[in-house]
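Let's take a look at how the parts of a protein model sit against each other. Have the sequence and the 3D view ready.

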Amino acid sequence: MSGDNFAEKLPLAVARHIGAPGTIHDLQRLTGGANKTTWSFDADVGERQRFILQMSSIPLTAEPDPLAGVSPHLTAEEDAALMQAAVKVGVPAPRVRAVLDPADGLGSGYVTERVDGETLATRILRDDRYAAARKVMTRQCGEILATIHTIPLADAPFLKRFDPAELVAAQRKILAYRGLHLPALEWGLRWAAEHAPKNPRVTCVHGDFRLGNFIVGEEGIRLLLDWEIGQAGDPMQDLAWVCVKTWRFGGPKPVGGFGTREELFAAYEKASGHRVDPAQVRFWEAFGSVKWAVGCLGLGTRGVEEMNVERCAIGRRTEEPLWDFYNLIEGRD
Amino acid sequence: MPRSMPDSTILLKAAIKYLEEELMPTLDAYHRFKTRVTANALNIVRRELELRDDQAIAERVRLAALLGHEGDVEALSTELAERIRTGAAPLDQPGLREHLRQSLADALAINNPKWLTR
């Protein structure tokens with residue numbers, strides 16, 4: 001990932017792409033996941049500016065991932081290009097200042113402008129400081145999503161199209177690959193296959209639009225992060241994912257814990273001119289719960305490989321979204 | 001089978017009590033978080049020891065009724081998953097959804113009982 005001379009190469013890359021001299025200050029590693037590492041730093045680029053560096057990990061083996069391409073995932077270059085297309089239509093997406101290339105010798109990644117604010121869901125939902133933000137965030141969500149769904153697919157030609165049935169089939173394949181047999185999950189996947197929308201509208205879809213991926217200030221949502229599972233597909237899935245109970249972080253209301261579906265749908269309809277079918281969103285919310293159950297199993301499996309107690313414990317959360325799934329399809333919540 | 005004393009669930013309770021009441025207050029934020037996760041994992045094991053045997057007896061009865069034959073609870077559950085996946089079991093088979101919900105409720109009673117009342 002970051003070689004020994006990372007600290008020497010980064011200023012050169014910053015100078016080359018953004019501005020000289022590129023001197024780096026306060027370099028801090030923020031998160032390190034299996035797929036990417038996030039760094040925060042300031043740099044002298046004529047004046048001192050604040051940046052985020054996102055680096056993709058180099059795969060440890062040359063073996064093809066047996067699940068590659070089964071579900072949406074963008075390269076760092078595509079991710080950056082999608083954020084640029086989003087900014088162009090007015091979405092509060094990170095502003096890309098540099099896309100790393102082979103001459104930088106740093107691997108794949110990009111640099112964006114750093115924006116202050118809170119990402120921690122529990123603080124956004126509970127601190128008095130964000131009381132005013134919570135009042136406007138639902139409307140903002142509707143408006144931001146309406147704008148994302150106007151991104152011309154021609155501006156992001158690399159987005160793969162995933163029809164609802166393909167997204168359901170992808171979860172089935174992931175489960176089969178893991179070799180797991182859970183009756184409640186199989187039932188949910190078959191229900192999803194039978195209820196998947198036929199021929200929905202197709203737009204650019206963010207794919208991970210939820211609390212936790214918003215940078216929030218006292219006035220509301222400032223920035224929408226994590227564009228790496230962008231895809232072309234049914235836009236209604238973005239309205240549903242933010243409502244999935246796991247992403248309410250214990251908050252009392254359906255939209256991210258802070259808003260009502262009615263307010264979200266009304267804001268989206270007003271901003272987009274497209275009518276929202278609540279039943280179609282409900283399908284995506286139910287399927288989203290099933291998808292997250294598969295995600296918990298996957299993280300749990302990784303936890304076993306790594307002997308990591310935190311990841312292992314996520315495996316034991318599989319039943320939570322499944323329980324929510326059955327409540328949803330029975331009209332509760 | 002003779003059992004040693006104290007019971008394993010009591011041992012776990014004592015270990016968790018030490019982690020939560022004595023160790024955690026001395027730790028920095030990162031290790032406090034990891035220790036809370038660890039105590040939570042031990043609590044899952046404790047509840048599984050307390051609840052799972054009785055749950056498995058009831059689950060085996062439900063599975064045998066749904067599948068029409070006897071067997072080991074794990075094998076029966078895998079068979080049911082396979083029947084649902086292939087479509088051999090219709091989604092609306094009488095008793096099926098009730099069984100699935102009960103099994104989920106059982107698992108949540110072990111893994112995160114608070115989720116049932118949220």
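Here is a short tour of domains, helices and chains.

## Two domains in chain A

Keep in mind that this is a predicted model. In chain A, the domain assignment gives you domain 1 (19-113) and domain 2 (121-329). Their C-alpha centres lie 23 Å apart.

The two domains of chain A touch: 21 residues of domain 1 are in contact with 25 residues of domain 2. On the domain 1 side of that contact, you'll find 15 nonpolar, three polar and three charged residues.

## A pair of packed helices

Now find helix α5 (residues 164-178) and helix α9 (residues 278-306), both of chain A. They pack at an angle of about 25°, and their axes are 10 Å apart. Angles under 35 degrees count as roughly parallel, so α5(A) is roughly parallel to α9(A). The crossing of these two helices, α5(A) and α9(A), is left-handed.

Who makes the contact? From α5(A) come A:Val168, A:Gln171, A:Ile174, A:Leu175 and A:Arg178. Among the residues that α9(A) brings are A:Phe287, A:Val290, A:Lys291 and A:Thr301. Sorted by class, this contact of α5(A) with α9(A) has seven nonpolar, three polar and two charged residues.

## Where the chains meet

Chain B gives 23 residues to its contact with chain A, and chain A gives 19. On the chain B side, the elements that supply two or more residues are α2 (29-67), α3 (73-86) and α4 (96-111). By class, that side of chain B has twelve nonpolar, seven polar and four charged residues.

Terms used:
Residues numbered from 1 in each chain as written. Chains lettered and ligands numbered in written order. Predicted model: local features only at pLDDT ≥ 70, side-chain atom pairs only at ≥ 80, totals over all residues. Domains from an automatic or database assignment. Contact = placed C-beta atoms within 7 Å. Nonpolar A, V, L, I, M, F, W, Y, C, P; charged D, E, K, R; others polar. Axes fitted to C-alpha atoms, helices over the stretch in contact; angles between N-to-C directions. Helix = DSSP H or I, 4+ residues; strand = E, 2+ residues; numbered from the N terminus. Parallel < 35°, antiparallel > 145°, perpendicular 65-115°, else oblique. Left-handed = near helix turned anticlockwise from the far one by under 90°.
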